[in-house]
Amino acid sequence: MTALQTVQSSDDSDFLLDVNDLVVHFETGKRRPFQGPSYVHAVDGVSFRVRRGTTFGIVGESGSGKSTTAQAIMRLVPVTSGQIVFHGRNILDLAGKPLREVRKQLQIVFQDPFSALNPRRRAGDQIREPLDLLNIGSRGERDERVRRLLGEVGLPPQAADLFPHQFSGGQRQRLCIARALAPEPDLIVCDEAVSALDVAIQAQILNLLKRLQRERGLTYIFISHDLSVIQQFCDEIAVMYLGKIVEQAPTAGIFVEPRHPYTWSLIAAAAPPGPIRDELKRRYLVKGDPPSPVDPAPGCRFAQRCPSATENCRIVLPQLDAIRPHHYVACHRVGELDPPAFDAAAMGNPVQQSM
Amino acid sequence: MGALLQVESLNVGLRNGAGVVVPVIENLSFEVHSGRTTALVGESGCGKSMTALAIMRLLPEDFVITGGRIVLEGEDILSLSPKRMRALRGNGMSMIFQEPMTALNPLFTVGDQIAEVLRWHQGLSASAAHAQAVEFLRAVQIPALEQRVNAYPHQLSGGMRQRVMIAMALAGRPKLLIADEPTTALDVTVQAQIFDLLAKLQQDTGTAVLLITHDLGAVAELADDVLVLYAGRCIESGASADLVGHPRHPYTRGLLGCVPHLKLGQRMPAVWSDLGEIAGMVPPLGARGADCAFLARCRDASDVCRSRPQPMLEPIETDHAVSCWRKSEIAA
Amino acid sequence: MTTLQTSTPLAIEPLDLPARPAASPARAALRQFLRSPSGVIGLCLLIVLVLGTAVGPILYPVDPLDLVGGPFTPPSADAWLGTDYLGRDVLAGLIYGGRATLTVGAVAALITIAIGLTVGALSGFFGGAVDAILVKLTEFFQILPPLLFAMVLVTLFGQKLTTITLAIGAVSWTSAARLTRAEFMRLRNLDFVKAARTAGAGNAHLILRVLLPNALPPVIVSATLAIGVAILFEGGLSFLGLGDPNVMSWGLMLGQNRNYVLDAWWAVTFPGAAIFLAVLAISLVGDGINDAANPRLRRRT
């Protein structure tokens, strides 16, 4: 964190959100006899800052804590410790009316468009809900805004009178986006917002989100397990593993010179088919599944699966340090390990790009 | 060599509330050969999973096969007795599902579940079956084998469960393995491992694989032949490298264009350029007329397309067939 | 950073549905209910019973507590369904007793649901310590033998119809509470509830406007069935001699005439049949509501 603050202290007003040493632990509910409860270390000391008008991507596998981070920012899960500074205020201290005021500027789009809409309310009423609850505008203005929002997400005004089950998955996700836009927020958290959609629909929604960002100057936190979507969509990327950020850098840098072995593995799994992919998989793809985040062992979280782990890695937890401006890596051996060489000549013509 | 599985103009319908049968799959024909992988690709609602279930004769209630033949090694599956069909499932063909948690019985250890398959299909004794089960788990590269044999499904991670499912599907030594979205529910690094495993097992056993997926990346990596389905109709088929490299149908081209590809070693331009997108959505069941199913969403549609019915799937070159009126105009 | 591109107007997706007006879930459920044969039969039966007790006194103006003839007069032109052991008119008893019995059933079911919904909703929504305490309370009431407990209450507070109603309500709310709690726990983790929270909804709004409407369908089914259970309860208490002797009810008729069943079958059979029909009608209606609330299960059976 110290590194973060010294390097990035250029101009504080650039940053809309500042997450500072965020910790979220849950009790598992399982109790072993004669022992204390065990804890899920869902998020374990995560810090990052999000620049106004940009998209901050968080990528990771199940159990990495990326969705819990999102929900903590939305105040939907109890936070164990840390700070979330939004518009210069720590929103973790807020409750009641001030918290509701903040909610106007902070909205979320969920993964599953089927469970994200109330099956018993009409679409228009659900988009209106934030306006009603937060007392925005007069009655007539609210109706007018609902109509305008539907148009902005590409749905006809009649959609307001339908129930969620009358829409397709992609259309439901458009409704969710319209609902998130209703109170005119500054920051929208997209928690795997396109993961449940078919690829053709996914592209429609990504284009829509980008267009809205352009037109409204929105800031996004974009959470996904899909590295290629993240690369396309985000300006800065944090790679999470078991509750910790292991690497963070601007998009331009992280796919040119990734420095953490886990990032290499993710890249190997997501590389487009071709000889480069085979080579990357052979050299960098880790074995096994992500371990459980319940009471993790000391040392580097990735040490169990890391092909380059040493004894030191298993004992001492590495800090997230800057290896150059804006590029942070949490790895003891960052100085010793060479990043993968992506042969640009071969990468330029993978099978799928010839169309 | 003849095909292991031949599907000939398969038609599947759904009987709706009013008793009318609405087409779900129309005139689908393809072959699967031993040692090769054929992929069915498409978005949800295109009928790819229903095809798999029709082959296993496990279609849900209200779905009916209204025409066509499914032939596995010379036997017409659709006319078999339920008893013969049960024997065929497991020995002749088996299936792995998308969600391994719900496909395994939570009350039995994974070793017992695999051993049970072996006892049914190979008539092994309990101890011999158990020993074999361990071998199958070894073949799917499950670490810490001795403990895992006696583990219950809920004690395993998603990737391990899918490996168990694969071991179980292979235990009957099937000639055809149907893999319905085998990696969709798994983490990306685990997906890559499962792909490698499937490819290796196929090499070792010579099993024919029918891969059901929505992921064109998986197709390019695993499949030899591909069929692209749209609204229950096959609109393009061919060898996978050729089809993914040179798609000819506007839908296939659109589908490939809307998936972002990871670009490595090069700096991304800082300007967002919209992903290619296919406007609109797949026509729902019952709203599919006689004309080209993709017509309403097609950018290349012309008056020719509007005035004629769904085009036949016709070869455009060896091993590459397209169902499009403008196939010769839309160059590769 | 993104740069501005020329903004192309966004194509509005055509929806296929405007031809069909959007029916609200309640209306769709009503349509579904009217398609279920058991629900319709039950509803008709129930309407007949309710109408009978409502307009019966006009058509058959006899006081149920008056002695109209000798004891055990068989059905005749004077007393259509005969008289009981005191010489009271059985048909008049059925008409007036039905009012009491059905009212006790409905009110007791309302009490059951009111307590059950409140306890279950609070318990399921807040979880934690609130849940622990309320679950303990529910379990306490569950382990009491209900009939015995109701008898104690009636004995303590007097054999009045209101006491009986309250006693029935007090012993039968636990299953409704458990049901509501389970529904709330399932629903509270769904994304649309979180979305409502991020839209600025407070706890009261979440419980009453967001969760409750979604949790209600199974609770309504159980409420319907609770009416039937309450009627049986009232019958049971009266049968054991704990009914209100000043208000005629079907249970009271059964209880008072039970010793003479061999001499005067009509004095016992008719109130028994009335209870049977009422409970049957309510069960059938509950079945129909269940079909309407879960249309997916309907076709399996």
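Select C:Trp250, C:Met253, C:Leu254 and C:Asn257 in helix α10(C): these residues meet C:Ala267, C:Val268, C:Pro271, C:Gly272, C:Ala274 and C:Ile275 in helix α11(C). Contact here requires C-beta atoms, placed from the backbone, within 7 Å, and helices are DSSP runs of H or I with at least four residues, numbered from the N terminus. The residues of this contact comprise eight nonpolar, two polar and no charged; Ala, Val, Leu, Ile, Met, Phe, Trp, Tyr, Cys and Pro count as nonpolar, Asp, Glu, Lys and Arg as charged, and the others, Gly among them, as polar.

The model is predicted: local features need pLDDT of at least 70, side-chain atom pairs count only at pLDDT 80 or more, and totals for chains, interfaces and linings use all residues. Residues are numbered from 1 along each chain as its sequence is written, while chains are lettered from A and ligands numbered from 1 in the order in which they are written.

Next, display α10 (residues 250-257) and α11 (residues 265-293) of chain C as whole helices; their axes come within 9 Å and cross at roughly 150°. Axes are lines fitted to C-alpha atoms over the stretch in contact, with angles from 0 to 180 degrees between N-to-C directions. The angle makes α10(C) roughly antiparallel to α11(C), a label for angles over 145 degrees.

Finally, select chain B, which contains twelve helices and twelve strands, strands being DSSP runs of E with at least two residues. Its C-alpha trace spans about 70 × 55 × 45 Å along the principal axes. Of the 332 residues of chain B, 46% count as buried, that is, with 20 or more other C-beta atoms within 10 Å of their own.

Definitions and conventions: Angles under 35 degrees count as roughly parallel, over 145 as roughly antiparallel, 65 to 115 as roughly perpendicular and the rest as oblique. Two residues are in contact if their C-beta atoms, placed from the backbone, lie within 7 Å. A residue is buried if 20 or more other C-beta atoms lie within 10 Å of its own, exposed if 12 or fewer, and partly exposed in between; C-beta atoms are placed from the backbone.
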